[in-house]
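Please keep the sequence and the structure in view while reading.

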Amino acid sequence: FLGIFQSSTKKWIKCCRTISSFVHATHFFRIMSKTSRQFSFVRKRKDLSLGSSGRKCILRLMAVNLTTIRNDVQNGKFAPIYLLYGDEPFFIDQAVSVIDEHVLTEAERGFNQAVFYGADIEGQKLNEVCARLPMMATRSYVLVKEAQDIPAESIAHLLDYMLKPNPQTVLVLAWKRKIDKRREFYTKGVKKSEHLCILESK
């Protein structure tokens, strides 16, 4: 009788452990599913140190999450171009705030920060601003709000800049819409550029 009791107890303990593992696994996948709906990302990156100043930027096409961006900018590592796009403007605004907080000091902003709305950009205006050298700062900062409204003729100039950006400028494109992967902005810019840090909000 004692042997049967011990055997049953062991089976009961094993069953409880299995149920516990299943519950933990279910909770984990729920968390991961919720996170993946907010941001999609792949781990593919390469850090590049520029010059004797030791400044660092992130080089290569890569998709990241907000935590990665926050960790990088807090450590002084900035991509030449950030493309923040998708259907969730709240998360895009969060990413912009994180970059904005660390990219320049208050004293550097006067001469080194430019903010545009996409619809107001004409011709090569954006390219010209991004090409400027920083004044008494390590970098310039250019933010384009509502970048999805950039006129088609200006997009053509932006494509050239995306392939060869100024390494001393941080350009942030807040594109609050899904990107049509059939259009030139994606096929000739996003897909071919090696200088983009991409965050997609869903």
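Two residues are in contact when heavy atoms of theirs lie within 4.5 Å. On that basis, among the contacts in this chain with a separation of 6 or more, 75% are between residues 24 or more positions apart. The model is a predicted one.

**Overall make-up**

- The chain has 202 residues, and buried residues make up 40% of them.
- Its secondary structure comprises seven helices and 10 strands.

**Nonpolar cores**

- In soluble globular proteins, nonpolar side chains tend to be buried together.
- The largest nonpolar core contains 26 residues, of which Leu83, Leu126, Leu158, Leu171 and Phe185 touch the most other members.
- Several elements give two or more residues to this core, including the strands E6 (81-86), E7 (113-117), E8 (140-145), E9 (169-175) and E10 (196-201).
- The helices that do so are H5 (125-131), H6 (152-163) and H7 (184-190).
- Helix H6 provides the largest share of this core, namely five residues.
- Leucine 126 illustrates the packing: when residues up to four places away in sequence are not counted, this leucine touches Phe116, Ile121, Val142, Val144, Leu158 and Leu171.
- A second, separate core has 22 residues, and Val64, Ala79, Ala95 and Leu143 are among them.

**Salt bridges around arginine 109**

- The structure holds nine salt bridges.
- One of them links arginine 109 with glutamate 106, and their closest N and O atoms are 3.4 Å apart.
- Both residues belong to helix H4 (residues 106-112), and because they are three residues apart there, about one helical turn separates them.
- Salt bridges with shared partners connect Asp100, Glu106 and Arg109 in one network.

**Salt bridges around aspartate 180**

- Aspartate 180 forms a salt bridge with arginine 182, with an N to O distance of 3.0 Å.
- Aspartate 180 also forms a salt bridge with arginine 183, where the closest N and O atoms are 3.6 Å apart.
- Aspartate 180 counts as partly exposed, because its relative accessibility is 27%, which lies between the limits of 20% and 50%.
- Arginine 182 counts as exposed at 73% relative accessibility, and arginine 183 likewise counts as exposed at 58%.

**Lysine 181**

- Where is lysine 181 found? Lysine 181 lies in the loop between E9 and H7.
- Lysine 181 is exposed, with a relative accessible area of 52%.
- Apart from neighbours within four places in sequence, lysine 181 is in contact with Tyr186 and Thr187.
- Lysine 181 and lysine 191 are 10 residues apart in sequence, and the distance between their C-alpha atoms is 9.0 Å.

Notes. Residues numbered from 1 in each chain as written. Predicted model: local features only at pLDDT ≥ 70, side-chain atom pairs only at ≥ 80, totals over all residues. Heavy atoms only, no water. Core = buried A, V, L, I, M, F, W, Y, C linked by side-chain atoms within 4.5 Å. Buried < 20%, exposed > 50% of the residue type's maximum accessible area, 1.4 Å probe, protein only. Helix = DSSP H or I, 4+ residues; strand = E, 2+ residues; numbered from the N terminus. Salt bridge = Lys/Arg side-chain N within 4 Å of Asp/Glu carboxyl O.
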